[in-house]
Amino acid sequence: QMMQTVLALETSCDETAVALVQFEGGKFRVIANCIASQADEHSKWGGVVPEIASRRHLELMPFLIKEALIEAKTGFESIDLIGATVAPGLTGALLIGSLTARSLAALHGIPFFGVHHLEGHLASVLLSDEVPTPPFLVLLVSGGHTELIRVNKNFDYQRLGRSHDDAAGEAFDKVARLLGLSYPGGPSIEKIAKGGDPRRFSFPKGRVSNPGGGYYPYDFSFSGLKTAVLRQVEKLKKSDIDLPLSDLAASFEQVVAEVLVERSLKCAEEQGIDSLVMVGGVAANHRLRELMMTSSKDISLKVYLASKSFCTDNAAMIGTAALLRLISGGSPSSMELGVCARLG
Ligand code: KG4
Ligand code: ZN
């Protein structure tokens with residue numbers, strides 16, 4: 001097969017993103033990667049406001065497409081397929097990407113591929129220098145999801161673990177908020193945690209009990225952790241000293257990293273899987289990346305990390321997922337495909 005080029009759009013949440021990705025000679029290459037973050041705008045409200053997100057996508061999208069085509073020095077004549085995130089995410093936000101992609105596909109007679117956002121996150125690791133081959137275990141940690149997924153072969157997934165309440169990224173966002181740090185919480189906490197003492201406070205590693213009286217070994221719970229940080233903050237506020245923000249942030253970050261690493265390693269070991277992939281916004285976290293790399297050496301587990309810039313939401317990963325479907329012989333999506341806020 002010759003070279004294939006995809007134009008991809010991502011609008012599931014608060015990043016308007018457009019990318020062009022090529023597949024040639026067995027490799028994926030990003031030739032344009034444009035992202036307009038709306039974080040500052042949502043920061044004022046402490047989180048994403050769906051209505052604002054949709055309106056910003058609406059305003060920005062045409063200009064981002066133009067910018068991406070200029071960056072890639074190409075035009076529609078060399079685009080073979082168009083991909084867009086169709087689920088899961090904010091409905092109004094998803095509609096903008098889907099409508100734009102399908103309109104362009106119809107206008108230029110190019111096949112359209114609707115992409116599942118999590119499949120996009122998973123594909124982000126294919127943009128690294130070293131690429132895993134199935135079977136492997138994926139730790140997907142984002143603002144909406146915390147999952148351990150076994151990939152038996154391409155597109156054959158089995159979920160082995162999940163969070164029963166907040167996602168890991170959601171925990172970062174909520175704890176940042178209660179510490180008075182700005183949205184998105186992950187980067188704010190990471191910044192202030194630098195130089196903090198990760199052992200000063202010991203926060204709980206939430207477990208999920210099963211009806212048999214034990215615990216689900218690969219599942220997560222982060223809501224208790226968030227409450228524990230809140231209680232600690234309330235306690236500290238009663239004394240007259242300034243809040244030790246760095247130590248609080250570092251201790252929180254440490255326990256999240258430990259719980260994610262411990263359960264992933266246990267899962268890989270017990271399932272007899274020797275490769276682990278880590279993707280999603282939280283996978284950009286330095287402490288988590290370090291701990292995963294060092295801990296995995298002890299059990300000779302090979303770890304593949306998506307590069308930091310492809311961990312948080314972007315369109316390059318969506319394009320890569322669409323290309324992967326195409327080169328694996330998958331058919332384009334129906335032009336009548338809708339969007340879906342929640343999808344398995
Ligand atoms: O994958 P992503 O960009 O969007 C979703 O699909 O949700 O993930 C966003 C989440 C947010 O909760 C954000 O606080 C978190 O990822 N995040 C981080 C870091 N960068 C982003 N969490 C910890 N450390 C980071 N450096
Ligand atoms: Zn995401």
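Trainee: What distance separates the centres of domain 1 and domain 2?

Mentor: 27 Å, taken over C-alpha atoms. Domain 1 is 4-124 + 312-327 and domain 2 is 133-305, with bounds from an automatic or database domain assignment. This is a predicted model: local features need pLDDT of at least 70, side-chain atom pairs count only at pLDDT 80 or more, and totals for chains, interfaces and linings use all residues. Residues are numbered from 1 along each chain as its sequence is written, while chains are lettered from A and ligands numbered from 1 in the order in which they are written.

Trainee: How many residues does each domain give to the contact?

Mentor: Domain 1 gives 12 and domain 2 gives 14, counting C-beta atoms, placed from the backbone, within 7 Å as contact.

Trainee: And ligand 1, why does it lie between the domains?

Mentor: Both domains give residues to the shell around ligand 1, so it lies between them. The shell has 20 residues, and Gly 143, Gly 169, Gly 186, Gly 281 and Asn 285 are the closest; near means a C-beta atom, placed from the backbone, within 6 Å.

Trainee: Switching topic, how many residues are in the largest nonpolar core?

Mentor: 103, and Ala 322 is one of those with the most contacts inside it. Such a core is a set of buried Ala, Val, Leu, Ile, Met, Phe, Trp, Tyr and Cys residues joined through C-beta atoms within 7 Å, where buried means 20 or more other C-beta atoms within 10 Å of a residue's own.

Trainee: Leaving aside neighbours within four places in sequence, what is Ala 322 in contact with?

Mentor: Val 6, Ala 8, Leu 81, Gly 83, Phe 113 and Val 115.

Note on methods: A residue is buried if 20 or more other C-beta atoms lie within 10 Å of its own, exposed if 12 or fewer, and partly exposed in between; C-beta atoms are placed from the backbone. Two residues are in contact if their C-beta atoms, placed from the backbone, lie within 7 Å.
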